[in-house]
Protein chains: 2
Amino acid sequence: MDNEKGLLIVLSGPSGVGKGTVRKAIFDDPDTDFEYSISMTTRNMRPGEVDGRDYFFKKREEFEALIEADEFIEYAEYVGNYYGTPVQYVRDTMDAGKDVFLEIEVEGAKQVRKKFPEALFIFLAPPSLAHLEERLIGRGTESKDVIAYRISEARKEVEMMNLYDYVVVNDEIEQAKSQIQTIVEAEHLKRERIEARFRKMLLEAKK
Amino acid sequence: MDNEKGLLIVLSGPSGVGKGTVRKAIFDDPDTDFEYSISMTTRNMRPGEVDGRDYFFKKREEFEALIEADEFIEYAEYVGNYYGTPVQYVRDTMDAGKDVFLEIEVEGAKQVRKKFPEALFIFLAPPSLAHLEERLIGRGTESKDVIAYRISEARKEVEMMNLYDYVVVNDEIEQAKSQIQTIVEAEHLKRERIEARFRKMLLEAKK
């Protein structure tokens, strides 16, 4: 009916924050109306994994040829294996008017930001950050060293969230899931998106 | 716990679009967690109206003294009577960390935009705008004049929405209500708001 492009939604955050768990909760919810972009990797398939569902499994030479051909939105090497997000699926899905969801590492999110500055960047923050104030100031029972360590960790995380549009605290998975859905729903109501559609429609009507 | 300021939420749109009805649905919902800013007027109280609930009713001289003292976020004169939003209540409520909701005319929204550029501006659009494309292009049964009229009306409304952050189509009241609540919820998850809170907390922790 309308030719509005889908959104690119990027969920990222510090490692260990629970990105995968939140992503799973989102895609287990039948109300979720966006597509998950499957990553490509050169690591070996593990028992129970399915090619094209968990990952696209590729040989190292194939992966490197795709890097050469600029076929990744983002990629990185971890422990001797490549992981990346193929650009074609993302573009095709957005062009078909469907929202695409990426769940990636912070370094990858930086690369996506360069190629798709209009994407929606959501930072998943650990709950400790949210509780830090209470913990630190609340009772004064923690040692200076512990407080200093927590502050330095918190500072790193605040710097990391700098490039993101939204922050969701992963305190409770269902709440994090529903906050991400809320953000996406609100994004679809942004004036720029709706206005562009109406302007296009007015132009077409004048023909 | 935190000293985050409340949001200023401005709902506006063409006259007759149903702003008052949507506002009523929002404040009839026990889940709504924002404060309604009551307007001030010089018109006579109508049967059933209560001073301080429906409006603050003032004498013309009192109202003009407040205009002189720059005590309005926005005001206008309609059919010989003044209507305006007193600034004090809005500032006090936001400073107390609560969201304030204004439901005002398009001209008033322009004035608010100048004084509170950080406010959240939501345009309530008539459903006819949303259905225009189908109507216009769909079956080709409407006369040229009707189409031209509809296009000129739609153009005015697109120009009016230009200054707003979000657009909600008032097709179904419950849906419009829930979309407005969604927009406010997402706004509270914006990185700028959360980041500012964390930075403040880090500064305090270092003392």
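1. Chain B holds an open sheet of 5 strands, in the order S2-S7-S1-S8-S9, with parallel pairing. Strands S2 (34–36) and S9 (166–169) of chain B stand at the edges. Each has a single partner strand, so one side of each lacks a neighbour in the sheet. From one strand to the next, the twist averages 25°. Keep in mind that this is a predicted model.

2. Strand S8 (residues 120–125) of chain B runs parallel to S9(B), and 4 bridges join them. B:Leu124 has B:Val168 in S9(B) as its bridge partner.

3. Helix H1 (residues 19–28) of chain B touches S1, S2, S7 and S8 of chain B. Its direction makes about 155° with that of S7(B). Helix H4 (residues 106–115) of chain B touches S1, S7 and S8 of chain B. The direction of H4 makes about 155° with that of S1(B).

4. Chain B also has an open sheet of 4 strands, ordered S4-S3-S6-S5, with mixed pairing. Its edge strands are S4 (56–57) and S5 (72–78) of chain B. Strand S3 (residues 40–41) of chain B pairs with S4(B) in the parallel sense, over 2 bridges. There, B:Thr41 has B:Phe57 as its bridge partner. Helix H3 (residues 87–95) of chain B packs on the sheet, touching S5 and S6 of chain B.

5. Now chain A. Which residues of H6(A) are buried? They are A:Ile147, A:Ile151, A:Ala154, A:Glu157 and A:Val158. They cover an arc of only 125° around the axis, which puts them on the same side of H6(A). On the other side, A:Asp145, A:Tyr149 and A:Lys156 are exposed.

Key:
Residues numbered from 1 in each chain as written. Chains lettered and ligands numbered in written order. Predicted model: local features only at pLDDT ≥ 70, side-chain atom pairs only at ≥ 80, totals over all residues. Heavy atoms only, no water. Buried < 20%, exposed > 50% of the residue type's maximum accessible area, 1.4 Å probe, protein only. Arc of directions from axis to C-beta. Pairing = 2+ DSSP bridges. Contact = heavy atoms within 4.5 Å. Axes fitted to C-alpha atoms, helices over the stretch in contact; angles between N-to-C directions.
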